[in-house]
Amino acid sequence: MTSSLVRFPGPGCVVEFMHGNKAQVAWVLEEQSGKLRLLTMSKREMKLASARILPWAGPTYSGEHTRQQIADILEGHHSRRDAREAEINPLELWELAQGEVDKASIEWFAELLFTAPDVDDVAALGHAMIGCKTHFRFSPPDFEIYPEERVEARKIEEQKREERELLVTQGQDFFLALWDNAIKGKPVGKEPEGELRDRLKQVILGRMADPDNHEVEQVWKLLAKGLPEDQHMALKLAQAWKLVPAHHNFWLDRAGYDPTDKWAEQFAADIAALQERVTAKAAAPDEHTYISIDSASTRDIDDAFSITRAPDCAYDLRIAIACPALEWPFGSSFDKEVMRRATSVYLPEGNGNMMPELLGTDFYSLKAGELRPSMVLHVSVSPEGDLLACEPQITWVRLAANLTYLDCEAVIEGEGDSTPAAAHRDQILPALELADLLIARRVKRGAVIIDRDDPKVVLSGEGADTMVDIKESDPVPRSMLLVSEMMILANSAISLWGRQNDVALLHRTQDVAVPKEYAGIWSEPHDIARVVKSLSSALLEPLPKPHRGIGVDGYSPITSPLRRYPDLVNVAQVLHTLHEGTPRWTKDELIAMLPLLSSRLDAVGQIQRFRPRYWKLLHFKQRGDKVWWDAVVTEDNDMFVTVSLPREQIFVRGRRKSFGDKVYPGQHLQVRIGKVHPLENEIQILDVMEE
C-alpha cells in the first residue's frame, strides 16, 4: 500500500464519489475505457464514469482481497476520514487562502494545513470544504474561494435555507390542522409558539396579500404540500387561526390599502404644516351663492355650483371644486402615500378615504358655512346646451348649503317646501333645465348612457353572524342627473381649456367606434348588456382623445380631487398654470407618472369591483335555494343563458337546458339560486320558471 494520491485509479484503489450530497467511499474492482466497476462499503457493486470520482483517489492496495476484507478496508478509511474531518476548521483555511488565489486544487489547500498529508487527510479536508458552502465552491477538480462580500451573502442565504427547512419541518402538521379546522371544523390543537408562530403567521398573511411573491411561494409550497389546491387557502388558514375575522376583505391586503385613518398618523406634522400654509392664504369668499348636492352620508364634498340665466337666455354656471392642490407637497413621502392609495373606496362595511380624514372630510371638504379654497370653473352654455367658454380661477368659497339628492328630488317634483332644498329652488330648477339640454346633446353626439339604480347593500350583525340585505336605493333620478351632467360638463370643459392653452392634463379616453344605433339612454337589462359589450374600457392618458361612450371630445377628470389622484393632478396643473403661467408637469412627465398611478388605480379598483359583489353573493347564500328571484334574460347561446337580477344588479349564468325551448333577450323569468360560493365568486341557477 502507498499513501500518495492516485491520478488514474485502477483495480485496488480506494476512491470517493458524491451521492446524496455526501462523499461515498468505494473500491475499484475494474477499469475499462473510462468506466469503473466499484464495490461500495455496503458490498454493493455499481458502475460509474471515472469523471465522477472525487480528486483524492487512493491509496491503492495490491494483491487479492475478499469482499469482506475490502469492506473492512473501506470502513477503516471511512472512520479515519470522519475523525480527521471533525478536527478541521474550514473557516481557518479560508482565512489563510482568502485573497491569495481565486481557486486551487485540493493538494494546494492540504499543504497549507498539513505538514505531510496522506490521502485520508486530503479526503477529510475535501469533505470539510464541500460542506462549507458559504466559503467554498467545489468546481471539480478545484475549489473556488469566495471573496468576503460573497461569503456574507452566502451566510445569509444559508441561514435562510436552514430557517426555511426548520419552518417547514415544524409547520406542515400545523398547516394540516388549520386546514382540517377550516374545512371540517376539527379542533386546531396546540398552536406553535415564539418565533415559529411569528414566521408561520408571516407566511400565511404574506401569501394572502401577495400570491405572486416568489420568496413566500417557495416556503408556501413546502408547508402546503399534500393539501388540495385552493386559491383562497391562505385566507382560510388565517381565518381558522383567527389571524383575520370572518368575511375578511383580502382585497384590501392585495392592494396594501388601509381602510382606516391610521396610515395618516405618521404624517401628522406634514398635515399640520399643510393646513398652516393654506390657512395663511385665506381670502374673502366668492360672492356667488354655491350649493352642493350629494348623498346624505357624504362627508368628502368636493363639488358645488352656482347658476343663473344670462339676459340672452344662456346659462351662466360656476362649478366650485375643492382645491387640495393648493400648497400640496407633491413629491414628498406624504404625497407618495396618497398617490399609492390612488382613490377612495366606498363599501357596505365602510369607506376608505384616499386622503387623511382631517383633510378630505374636513379641512378641504366644501362644508356649508366654512371658508374653503376652491377652483371655480366659470362656464357659459348656450340655450341649446353648447359650451361657449370655460374660465378657471382659484378663489375661496363659502357654500350656502349642502343639500341631499332626496330633498332636491322633492323640490324638482314640486314638493319639498319643508326641506332645506326649498330655499334654493331658483338654483336647482335652472340647473335641471341645463342638465336636460346637456344629456340630449350628448346623446345626439353618440353617447351611450346606462340608466340603472345601484341597490344598497346593508349589513347587520358582526363577524360570522353578519347578515346581508339588499334594498332599493331612494328614487332620485332627476337630482342625480343634475349633478352628473354638471360634472361631465366640468370635466369636458377643462379638457377643452387644456387644449386651447397647451396645458397637458390626464384624460379619460375611449376612442373607439360606437355603432350609431347604440347612442341613447338604456335602462332595460338586456339592452344594457348588449350596448356595454360593444364598449371598451376607458384609458387614462395625457392625450386629449374623445370619450365616445360619454359623447364628448375630451374628458379630463377634475371634479373629485378629494377622492381620486388623477383629479388632484389635473387641479394642480390648472392651478400652477394660473399662478405661474406654465403647468407643473410636462406631457412627458405625466406619461412617466402613469405606470405607477395606473397600477395603483387598478389594484384599488379591484376592491371596489369585487367586495360589494361578495356581499351580494353572501346575501343569496343566506336566503337559501327556496327563494324565487325576478330575472331578465340578457344573453343566450347553445350552452348557457345569462340573466340579470335587476333589483340586486347582478348577472347569473345557467345551463341552457334549464330554460326550456323558447329563450330570448328581454324575457322575464323567475329563477332559484343553487350553489353560491361568495369567496370563489361563484353563483349558479338551480331552477327556472316563466312568469
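**Entry 1: helix 6 and helix 8**

I began where Ile204, Leu205, Arg207 and Met208 of helix 6 meet Ala234, Leu235, Leu237 and Ala238 of helix 8. Contact here means heavy atoms within 4.5 Å. By class, I find seven nonpolar, no polar and one charged residues in this contact. My classes put Ala, Val, Leu, Ile, Met, Phe, Trp, Tyr, Cys and Pro under nonpolar, Asp, Glu, Lys and Arg under charged, and the others, Gly among them, under polar.

Before going on, I noted the ground rules. This is a predicted model, in which local features need pLDDT of at least 70 and side-chain atom pairs count only at pLDDT 80 or more, while totals for chains, interfaces and linings use all residues. Residues are numbered from 1 along each chain as its sequence is written, and side-chain values use heavy atoms, with hydrogens and water left out. Helices (H or I, at least four residues) and strands (E, at least two) are DSSP runs, numbered from the N terminus.

Two packed helices are described by the angle between their axes and the distance between the axes. I looked up both: helix 6 (residues 194–209) and helix 8 (residues 233–240) pack at about 140 degrees, with their axes 8 Å apart. That angle makes helix 6 oblique to helix 8. For the record, angles under 35 degrees count as roughly parallel, over 145 as roughly antiparallel, 65 to 115 as roughly perpendicular and the rest as oblique. The axes are lines fitted to C-alpha atoms, for helices over the stretch in contact, and angles run from 0 to 180 degrees between N-to-C directions.

Is helix 8 mostly covered or mostly open? It is mostly covered, as seven of its eight residues are buried. Buried means under 20% relative accessible area, exposed over 50%, and partly exposed in between (1.4 Å probe, protein chains only). I listed the buried ones as Met233, Ala234, Leu235, Lys236, Leu237, Ala238 and Ala240. They pack against helix 5 (148–184), helix 6, helix 7 (214–223) and helix 9 (250–255). Just after helix 8, I noticed that Lys242 takes a positive phi of about 65 degrees.

**Entry 2: helix 11 and helix 18**

Next I checked helix 11 (residues 333–341) and helix 18 (residues 587–623), whose axes come within 7 Å and cross at roughly 50 degrees. Helix 11 is therefore oblique to helix 18. On the helix 11 side I see Met339, Arg340 and Arg341, and on the helix 18 side Met593, Leu596, Leu597, Arg600 and Val604. This contact divides into five nonpolar, no polar and three charged residues.

**Entry 3: strands**

Strands of a sheet pair through backbone hydrogen bonds, either parallel or antiparallel. I found an open sheet of three strands in the order 5-7-6, with antiparallel pairing. Strand 5 (103–105) and strand 6 stand at the edges with a single partner strand each, so one side of each lacks a neighbour in the sheet. Two strands pair if DSSP finds at least two bridges between them; strand 5 and strand 7 are joined by three. One thing to click on is Ser105, whose bridge partner in strand 7 is Asp142. Helix 3 (residues 106–113) lies across strand 5, strand 6 and strand 7, at about 85 degrees to strand 5.

I then turned to strand 9 (residues 303–309), which is largely enclosed by the rest of the structure because five of its seven residues are buried. Seven bridges join strand 9 to the antiparallel strand 10 (residues 315–322). The two form a hairpin with five residues between them, and Cys313 in the turn has a positive phi of about 70 degrees.

Most residues other than glycine have a negative phi, and most peptide bonds are trans. Which peptide bonds did I note as cis? One runs from Gly58 to Pro59, with omega near 0 degrees, and another from Pro140 to Pro141, with omega near 5 degrees. Pro59 sits in the loop between strand 4 (45–49) and helix 1 (67–87), and Pro141 in the loop between strand 6 (136–139) and strand 7 (142–145).

Ala342 has a positive phi of about 75 degrees and lies in the loop between helix 11 and strand 11 (345–347). It counts as buried, at 0% relative accessibility. Asn681 also has a positive phi, of about 60 degrees, but is partly exposed at 35%.
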